[in-house]
Amino acid sequence: MAAQDFNFLLATDSYKITHYKQYPPNISKVYAYFECRRKKGSQFSEVVFFGLQYLLKKYLTGPVVTEEKIQEAKIFYQMHFKQAVFDEEGWRKVLEKHDGRLPIRIKAVPEGRIIPRGNVLFTVENTDPSFYWLTNYIETMLVQMWYPITVATISREFKKILAKHLKATSGSLEGLDLKLHDFGYRGVSSQESAALGGAAHLVNFCSTDTVAGLLMAQRYYGCPMAGFSIPAAEHSTIISWGKNMEKDAFERVLDQFSSGPVSVVSDSYDIFNACKHIWGDKLKERVMERSQDSCLVIRPDSGDPAETLIEVIKILEECFGCSLNSMGYKVLPSYLRIIQGDGIDLSSVDEILQKLSDEGWSAENVFFGCGSALLQKLNRDTLSCAFKCSYVETNGKGMDVYKQPVTDPSKGSKKGRLSLRRNSDGFIETVESGAGKPEEDLLVTVFENGNLLQEYSLEEIRKKARLQDEEINSTLHNHKEELLHNHIINGIY
């Protein structure tokens, strides 16, 4: 049930308060859809659908309209517009006729599904002809789906890159789910952003420091513990000892966390000196005493990411040696690894792993942490997310509607009732104008008249979002992209 202290009537763009006065007379149905528009030249050709269940549970489920909330909204909008434009009567009818529950139906792609851009992801329509204006009233809230979808999509793109390099340099994908750690909690705009973004990352990985994301996965997606972390030092716990006692600071961490992995930031003064003379000399025996299950993870945190990491791994090789894995790539001793969390984005991860590979090193040696590039350096335009009306009924007659701006054809919208299907060639496509077959429709009714009808666990979502074999093999992946591009060019979508 939605939070009782949240006033849904105040959760929309101001101008939508006036729209009930603008629709045609005798209109009884407004039907709209959400998509991530296809955009030429974008690095993202597909999206991960995630986050709708949270929004529905937290804000829309159950009675969301009360007399107190109607009065609060009436006073607020009178002050805001300086005139009486709020539809007090319409909202009271929702309260009286539907017990404050929203007479809305939402059909959506199952969460975790991977959908090519340019396809419908969910549809919204009113179920009571008196409340046609509700469909687009809730656009403001529902379009905020752009954020978890975008984070889940970017996180999965990281996973593709990591999987490709890990498979190529180690022969397996062991440990892939822990290769990208979420460092983004402090870099987002709010607690809710941290929760939504943090949970979206957990669709693809099990490694995070963003507690808010774990709590959201627990409370809204039925996962008791979706991600894991290890004890780790920060600069304050190292520099508080003073520059001349950096070795003592490092040793203290080893003493306090003698079992289990531990990460130590080592660039407070000189990362290369720390690796060569402290870890590789003064504390060498202490490091070598540790096992694979209690490995030391050294964290550089400044400088050019690729150059610094390669220099660090060469120093560690000199001090601790290495071995060759089954693919002929070098691997540090199992008690020693590196995590790079500074300057990480999709481009730099690929660059770092390629340079390591070129130098003969396996991707097994490194983990990555990512903050703002994962949770914050993105917006609604990253995936061109849009919500548009495509069908109405007036005087009992249906009509397909659309927009087609002469100044920007890419902003054209879809027509009519929509369905999503997998065609005979195996490609997912949107069928417009009500021409789809119900038995082929991939969209599922998840919300109707205030009730949540379908619920997904994080475990189910992760299974749907997992990488396919062809995505790991870059050659096959590129071939699939070419096929998809040809289908788009030929108008199949």
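User: Is the crossing where helix 7 passes helix 8 left-handed or right-handed?

Analyst: This is a predicted model, so let's start with the geometry of the pair. Helix 7 covers residues 191–201 and helix 8 covers residues 211–221, with their axes 7 Å apart. As helix 7 passes helix 8, the crossing is right-handed.

User: Are helix 7 and helix 8 roughly parallel or roughly perpendicular to each other, and why?

Analyst: The two pack at an angle of about 70°. Angles of 65 to 115 degrees count as roughly perpendicular. Helix 7 and helix 8 are therefore roughly perpendicular.

User: Which residues of helix 8 make the contact with helix 7?

Analyst: On the helix 7 side you'll find Q191, A194, A195, L196, G198 and A199. By class, the contact of helix 7 with helix 8 has six nonpolar and three polar residues, and no charged ones. The helix 8 side is made by A212, G213 and M216.

User: What about helix 6 and helix 7: how far apart are their axes?

Analyst: Helix 6 runs over residues 146–170, and it packs with helix 7 at an angle of about 35°. Their crossing is right-handed. The axes are 8 Å apart.

User: How many charged residues does the contact of helix 6 with helix 7 have?

Analyst: Helix 6 brings Y147, P148, V151, A152 and S155, which meet S193, L196, G197, A200 and H201 in helix 7. Sorted by class, that contact has six nonpolar and four polar residues. The count of charged residues is none: no charged residues.

User: Which residues of helix 3 are buried?

Analyst: Helix 3 spans residues 88–98, and D99 follows it with a positive phi, near 55°. What covers its buried residues includes helix 2 (67–81) and helix 4 (134–137). The buried residues of helix 3 are E88, G90, W91 and V94.

User: Zooming out, what percentage of the residues in the protein chain is buried?

Analyst: The protein chain comes to 18 helices and 18 strands, and its C-alpha atoms fill a box of roughly 85 × 50 × 40 Å along the principal axes. For contacts with a separation of 6 or more, residues 24 or more positions apart account for 76%. Of the 493 residues, the buried share is 52%.

User: Where does pLDDT stay under 50, with 16 contacts beyond four places in sequence?

Analyst: The mean pLDDT of the chain is 95, and 96% of its residues reach 70 or more. Over residues 475–480, though, pLDDT is below 50, and that stretch has five contacts beyond near neighbours in sequence. The stretch you asked about is residues 486–493.

Note on methods. Residues are numbered from 1 along each chain as its sequence is written. This is a predicted model: local features need pLDDT of at least 70, side-chain atom pairs count only at pLDDT 80 or more; totals for chains, interfaces and linings use all residues. Side-chain values use heavy atoms; hydrogens and water are left out. pLDDT is the predictor's confidence in each residue, from 0 to 100. Contact means heavy atoms within 4.5 Å. Axes are lines fitted to C-alpha atoms, for helices over the stretch in contact, and angles run from 0 to 180 degrees between N-to-C directions. Helices (H or I, at least four residues) and strands (E, at least two) are DSSP runs, numbered from the N terminus. Angles under 35 degrees count as roughly parallel, over 145 as roughly antiparallel, 65 to 115 as roughly perpendicular and the rest as oblique. A crossing is left-handed if the near helix is turned anticlockwise from the far one by less than a right angle, and right-handed if clockwise. Ala, Val, Leu, Ile, Met, Phe, Trp, Tyr, Cys and Pro count as nonpolar, Asp, Glu, Lys and Arg as charged, and the others, Gly among them, as polar. Buried means under 20% relative accessible area, exposed over 50%, partly exposed in between (1.4 Å probe, protein chains only).
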